[in-house]
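Please have a look at the sequence and the model before I go on.

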Amino acid sequence: MKNTSMNFAVFTAAIVKKIQEKAGSGFRILSGTVKKNNGIELTGIIIEEKGCNTSPTIYIDDFFGEYRNGLGIGEIAETIWQIYRKNRFEESVDLSNFTDYQKAKRQIAFRLVNYEKNKELLVDVPFKRFLDLAVIFYYSVQEPPFYGKASILICREHMEKWDISLEELYQNARSNTQVLFPARIENIENVMVEMLEKGLADKASLFEAGGLGPDGQEWMDELLSQLQRDFEREENKIPMYVLSNTQKLYGAACILYVNILEKFSRLINSDFYILPSSVHEVILLPVSEHSSTPALLDMVTEINKTQVEESEILADSVYYFAREDNSVRQLG
């Protein structure tokens with residue numbers, strides 16, 4: 001029977017040692033604690049390759065649970081090594097622009113996080129309040145190989161070295177974010193079909209491996225067609241819309257884009273609720289006679305508890321956009 005009595009610190013050290021043995025002298029293996037959104041802390045393994053200044057961080061917290069269930073250190077180390085090999089960066093990233101504000105300011109953007117859940121983080125990070133949320137800032141790494149999918153959180157020390165004010169930082173981010181990450185509003189039906197398409201595409205290899213081949217593909221195509229036909233029926237129309245950015249990454253910040261909410265209200269000719277689905281998107285729900293703020297609050301809270309990763313929760317709140325003064329207010 002395998003020994004599974006290590007505590008997490010010993011487990012982490014054992015994983016680092018085993019990967020170092022596997023990687024050899026051309027690599028340096030490190031571990032560290034990474035602070036995520038909403039106060040979540042994870043332990044990551046960083047595999048540094050000589051001659052390259054970038055490396056993916058591979059979190060091992062879930063692996064510890066697998067270890068306690070009997071999976072060996074060697075097997076876990078091999079899995080982590082293969083994850084690294086699949087996601088490694090083959091070239092260094094030039095981040096020299098970050099130190100020069102006149103160059104860096106073109107890549108400064110913002111995102112929305114929960115104020116209360118991130119109070120500790122906000123001690124060291126410049127921010128602006130927005131209702132029960134906080135607007136924080138980051139440098140979007142547009143250089144290859146990231147092209148906007150990596151970022152550097154802007155801390156107070158960066159702002160001091162750049163010698164800029166919070167307002168200047170905010171105005172730059174407000175201009176840049178909607179250019180770097182354009183907004184996109186879709187009917188929730190289309191989003192659901194898109195999610196299903198992606199899920200089925202991920203399963204396609206399983207159909208082929210199982211010998212289903214073209215028949216499996218035909219089955220998936222027919223299922224998608226049936227769903228689309230169902231959604232097109234008037235009685236099945238869902239008057240809900242998803243607002244995010246084209247990358248669907250921290251897209252809840254789109255509610256701060258200039259005129260985006262005003263234009264949407266004119267399009268639907270209605271006030272609307274804003275439901276914080278996650279830090280990545282919000283749901284826009286036109287006001288109707290059936291609208292109920294308490295019911296919407298219960299729905300948002302329940303979904304956050306059961307469907308959203310803790311680090312991706314935006315708020316257990318409901319917001320309201322009023323056309324009369326183009327304002328957003330918090331209902332609860």
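Let me begin with a definition, in which Ala, Val, Leu, Ile, Met, Phe, Trp, Tyr, Cys and Pro count as nonpolar, Asp, Glu, Lys and Arg count as charged, and the others, Gly among them, count as polar. Please also keep in mind that what you see is a predicted model.

With those classes in hand, we can turn to the largest pocket, whose lining has 25 nonpolar, 14 polar and 11 charged residues. The volume of this pocket is about 1,700 Å³, and of the 50 residues that line it, Val 34, Lys 36, Tyr 59, Arg 111 and Ser 151 lie nearest its centre. Several elements supply at least two lining residues each, including strand E1 (27–35), strand E4 (108–114) and helix H5 (119–122). Which element gives the most to this lining? That is E7, with four residues, and E7 is the strand that runs over 150–153.

Now let me step back to the chain as a whole, which has 11 helices and 13 strands. Of its 332 residues, 40% are buried, and if we take the contacts between residues at least 6 apart in sequence, 62% of them join residues that are at least 24 apart.

In soluble globular proteins, nonpolar side chains tend to be buried together. In this model the largest nonpolar core has 46 residues, and the ones that touch the most other members are Phe 110, Ile 255, Leu 261 and Ile 274. The largest share of this core comes from E6, which provides six residues. Apart from it there is another core, of 20 residues, among them Phe 27, Ile 47, Ile 73 and Tyr 84. To look at one residue in more detail, Ile 274 touches, among others, Ile 255, Leu 261, Val 282 and Tyr 319, leaving aside residues up to four places away in sequence.

Finally, I would like to discuss Asp 271, which sits in the loop between helix H10 (260–268) and strand E10 (272–278). Is Asp 271 buried or exposed? Its relative accessibility is 16%, and because buried means under 20%, Asp 271 counts as buried. Leaving aside residues up to four places away in sequence, Asp 271 touches Pro 286, Val 287, Tyr 320, Phe 321, Ala 322 and Arg 323.

Definitions and conventions. Residues numbered from 1 in each chain as written. Predicted model: local features only at pLDDT ≥ 70, side-chain atom pairs only at ≥ 80, totals over all residues. Heavy atoms only, no water. 1 Å grid on protein atoms, 1.4 Å probe; cavity = no way out; pocket = protein on both sides within 12 Å on 5 of 7 lines; lining within 4 Å. Points joined across faces, edges and corners; volume = space filled by probe spheres on them. Core = buried A, V, L, I, M, F, W, Y, C linked by side-chain atoms within 4.5 Å. Buried < 20%, exposed > 50% of the residue type's maximum accessible area, 1.4 Å probe, protein only. Contact = heavy atoms within 4.5 Å.
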